[in-house]
Amino acid sequence: MELRAEKVTVYLAETFTIARSSEDEAEVVQVAVTHGGVTGYGEAAPIARYEESADSALAWLQHVTLGDDPWALDDIQDLLPRGEQAARAAVDAALYDLQGKLVGQPVYKLLGLRRVGPPTSWTVWLGDPDDMARRAEKAEARGFKRLKLKLGGRDGLDLERVRQVRAASSVPLMVDVNEYWTLDEALDVLPQMEIEYCEQPLPAGSPDGPELKRRSPIPIYVDEDCHTLADVAACAERAHGINIKLAKSGGIREAVKMAAAARALDLGVMLGCMVESGLGIAAGAHMASLCDHVDLDGNLLLRSDPWPGVAWEDGIQLPADAPGLGVERAAT
Ligand code: MG
């Protein structure tokens with residue numbers, strides 16, 4: 001099999017701000033794997049928090065050899081170098097896309113899953129409380145059935161942010177603190193928030209995690225604490241659920257195992273994403289039926305999606321019922 005990779009910039013419709021950074025665009029890496037004249041595609045959305053970038057992903061991909069059998073996923077796994085989870089996810093997605101195209105079936109069917117999923121949340125990025133409320137109102141009017149609020153302003157206004165958004169909208173809310181609260185802060189504000197769950201309030205690895213799980217009236221989900229299957233058991237001590245992202249897990253195959261492990265530990269399962277095109281989002285959409293909560297708005301945040309094919313229907317990001325991942329590069 002032949003592998004090609006290129007760096008691509010995707011452009012956000014509006015500046016996206018979270019606790020640790022702000023961005024107007026994102027660099028992703030798109031991978032093409034060709035076998036017998038058929039090409040599968042996948043996308044890597046490297047996460048700076050874990051010291052991955054489009055450049056480090058590209059460098060890793062230069063050392064990848066895949067052998068000649070697109071079905072031999074265990075053998076291919078053994079051939080891959082260590083590290084670079086996002087690039088690994090791009091290879092995994094490209095192989096599933098290729099497999100689907102070879103047999104004429106969508107990826108969700110290859111996985112034995114259903115073409116359903118919970119509604120995606122829309123991310124209301126961090127800003128002033130009244131500005132967040134206004135943007136929440138707009139998102140609900142657009143048809144989003146869940147809103148995820150980015151918190152962690154460290155300005156004493158996080159509770160006010162939730163209150164103003166709650167007053168302005170009627171859909172279920174969740175919050176993502178991106179590691180910016182302390183235990184005391186979390187225990188102070190969480191009981192006063194009308195939300196479904198709180199994502200990563202404490203820094204990854206915080207020794208306060210188990211105590212927060214015991215005392216929080218609101219379910220805690222971990223994101224920065226949970227990357228691959230090896231992390232899931234420890235997350236059960238500090239959280240009620242995990243946020244799986246393909247850019248952390250290294251792809252669909254590992255993510256499916258993580259979802260199963262989470263169920264065995266009585267943990268909720270959320271599927272998240274980065275700022276990425278429909279090519280990246282499609283990989284998530286094909287396994288969304290395994291999840292309780294889905295945050296797959298990455299391509300919807302873009303000015304325009306360079307890889308259309310995922311259908312946003314009644315608030316749900318549905319994969320196309322077409323071979324492979326079911327997305328195609330838009331004509332430019
Ligand atoms: Mg998060």
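## Arrangement of the two domains

In this predicted model, the C-alpha centres of domain 1 and domain 2 are separated by 23 Å. Domain 1 spans residues 2-104, and domain 2 spans residues 122-318. Where the two domains meet, 31 residues of domain 1 and 35 residues of domain 2 take part in the contact.

## Buried area

The size of an interface is often expressed as the accessible area lost when the parts come together. Between domain 1 and domain 2, about 2,900 Å² is buried, and carbon and sulfur atoms supply 63% of this area. On the side of domain 1, the residues that lose the most area to domain 2 are Phe16, Ala19 and Tyr50, which together account for 17% of what that side buries.

## Polar and charged links

Four salt bridges are counted between domain 1 and domain 2. A salt bridge also joins the side chains of Arg20 and Glu224, with an N to O distance of 3.2 Å. Across the interface of the two domains, 16 residue pairs are in polar contact.

## The side of domain 1 that touches domain 2

Several elements give two or more residues to this side of domain 1: the strands E1 (2-17), E2 (22-35) and E3 (38-44), together with the helices H2 (73-79) and H3 (85-103). Strand E1 gives the most, with eight residues.

By residue class, the side of domain 1 that touches domain 2 comprises 18 nonpolar, five polar and eight charged residues.

Methods. Residues are numbered from 1 along each chain as its sequence is written. This is a predicted model: local features need pLDDT of at least 70, side-chain atom pairs count only at pLDDT 80 or more; totals for chains, interfaces and linings use all residues. Side-chain values use heavy atoms; hydrogens and water are left out. Domain bounds come from an automatic or database domain assignment. Contact means heavy atoms within 4.5 Å. Buried area is the accessible area (1.4 Å probe) that two parts lose on being put together, summed over both. A polar contact is a pair of N or O atoms within 3.5 Å; within protein, one must be able to donate a hydrogen and the other to accept it, and residues adjacent in sequence count only if both atoms are side-chain atoms. Helices (H or I, at least four residues) and strands (E, at least two) are DSSP runs, numbered from the N terminus. Ala, Val, Leu, Ile, Met, Phe, Trp, Tyr, Cys and Pro count as nonpolar, Asp, Glu, Lys and Arg as charged, and the others, Gly among them, as polar.
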